[in-house]
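Visitor: I would like to walk through this model with you, one question at a time. Shall we begin?

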Amino acid sequence: MAAASRYGQEPGEEVVRACITVLESLDALGAASHGDADGLRVRTLRVLLSASELWWRDGDGHGTIGIEPWPAVPVRTLVAQAEAAAARTADRALRATARHMAGQHLVVTHSLDAALTALTEAVELARAAGDTFTELEALTDLGHCTVGRDMKLGVGMLERAETLASRSPGTFLHPEQAGLLPMTLARLTGHIGVAAFDRGAFDTAESRLRTSLQRLSPQNTPGPYAKMANFLGQLLTAAGRFEEAESLLTEAVGRLAPRTTASTHQGYNLGLLGKLYLEWDRPDHAAPPLLAGWGHLRAAPHVSLLPLLRNYLGELLMHPSYVLRDVTRACELFTETVEECRRTGFQRSEIAALMLGARGALQLGDPESALALSDRAVERLAETGEMPALRSEEVYFTRYEILLSAGRQEQADPWLDRARAVVLAKGRTIADPAARNAFYTRVPTSRSILAASGQRGRTP
């Protein structure tokens, strides 16, 4: 497949166009093309979806692929075509490829549970077929998605994938797999870095994420590049290195802006830039990118990212310095997120929304609701364990503050101790003293936790 050999070497748009040419040739053959052509169709669709991630849509154009001025890829329709073609064959490796594609699609458009089911099936089918490359691809995505349900289990899957990658296949079932392998390895390295960040291991996470980004190209692999830039931006923001995060995210947004009008990845990066400004206590700077990012995600929805940005918008509306402050509307947004996440299974945003809703209720003079919401937040966190894109220390500290405001200091103090322990444990993973100090003093949550601890006579 000539199209596959161009992936990662040429702009993603050109690879998409080359794949479309192959698919049009297969369509021209009609029903007589079933058989070997089904295998070629599945393999071509795999390359097309890999190269076009920046431009995925869910059903745009009645299932047709747009080309100009940039691609618009109806991912639901193309995944259905891949699954139908694979089903017409007796080839388990092709079925594994199609199920992997379905899993990638379902985590964007449906729910975490549906995605985990498809990705698990893909891993099992690939292993049974002896297709090591597809097993590695699917296991990489399965591990990354599983982290959102069970951190320990997901990390174990990523470690298995890394072991599989260390025995990098010397032979491939299909020639295009050799061309796709470097991208899969870059994604695996990045996802291992994300998991390390989620566990609070900052230096390890940063090293992995930077290595992944070095292997990606904003021109030739814009989707994976945008995702890994986002993950590194999250880490830098969480570490209090705001200037570095701003530079990285502004560059990533600028590189992608001329290539798309509506993109999940662009929306998330814009939203994260807004969140960075909230952490930096610059709410007026936060509003434009947050609102622009929300517009991207409304046009190109992603079920795991919409609640994240909705929570960011709620935080903006609660900020005391924001000129359009509206705590009532913020609490409505948090309620929407909780209800939505109970359907889609993305527990991290549900817990964050419960925590933020508790703060909002307190600001609105409703201490009973604040107590109930903060209790539910810590209860859900205890049920799930560590969650990606969620600061457990912030959940604990919010519980502390709300109990303290209710005059229950004896009940509140253990939550402050837990929050402080998490902050200090994360700080110990940062080797550079200046960077560690930035995490302690520049991140509002860390600073507040340590200040409250200091008032009780305890310092780092």
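Visitor: Is Cys 331 buried or exposed?
Guide: This is a predicted model, where local features need pLDDT of at least 70, side-chain atom pairs count only at pLDDT 80 or more, and totals for chains, interfaces and linings use all residues. Residues are numbered from 1 along each chain as its sequence is written, and side-chain values use heavy atoms, with hydrogens and water left out. Buried means under 20% relative accessible area, exposed over 50%, and partly exposed in between, with a 1.4 Å probe and protein chains only. Cys 331 has 16% relative accessibility, so the class is buried.

Visitor: How many disulfides does the structure hold?
Guide: A disulfide is a pair of cysteine sulfur atoms within 2.5 Å. For Cys 331, the closest cysteine sulfur belongs to Cys 341 and lies 16 Å away, too far for a bond. The number of disulfides in the structure is 0.

Visitor: What is the volume of the largest cavity?
Guide: On a 1 Å grid over the protein atoms alone, a cavity is a set of points where a 1.4 Å probe fits but cannot get out, and lining residues have an atom within 4 Å of a point. Grid points are joined across faces, edges and corners, and a volume is the space filled by probe spheres set on the points. The structure holds 1 cavity of 30 Å³ or more. The largest cavity has a volume of about 850 Å³.

Visitor: Which of the lining residues are closest to the centre of the largest cavity?
Guide: The lining takes 8 residues from α9, which gives the most. Of the 47 lining residues, the closest to the centre are Val 107, His 144, His 191, Lys 227 and His 302.

Visitor: In which helix does Thr 264 lie?
Guide: Thr 264 counts as buried, at 11% relative accessibility. Its contacts (heavy atoms within 4.5 Å) include His 302 and Leu 305, not counting residues up to four places away in sequence. The helix, residues 264-279, is α13.

Conventions. On a 1 Å grid over the protein atoms alone, a cavity is a set of points where a 1.4 Å probe fits but cannot get out, and a pocket is an open set with protein on both sides within 12 Å along at least five of seven lines; lining residues have an atom within 4 Å of a point. Helices (H or I, at least four residues) and strands (E, at least two) are DSSP runs, numbered from the N terminus.
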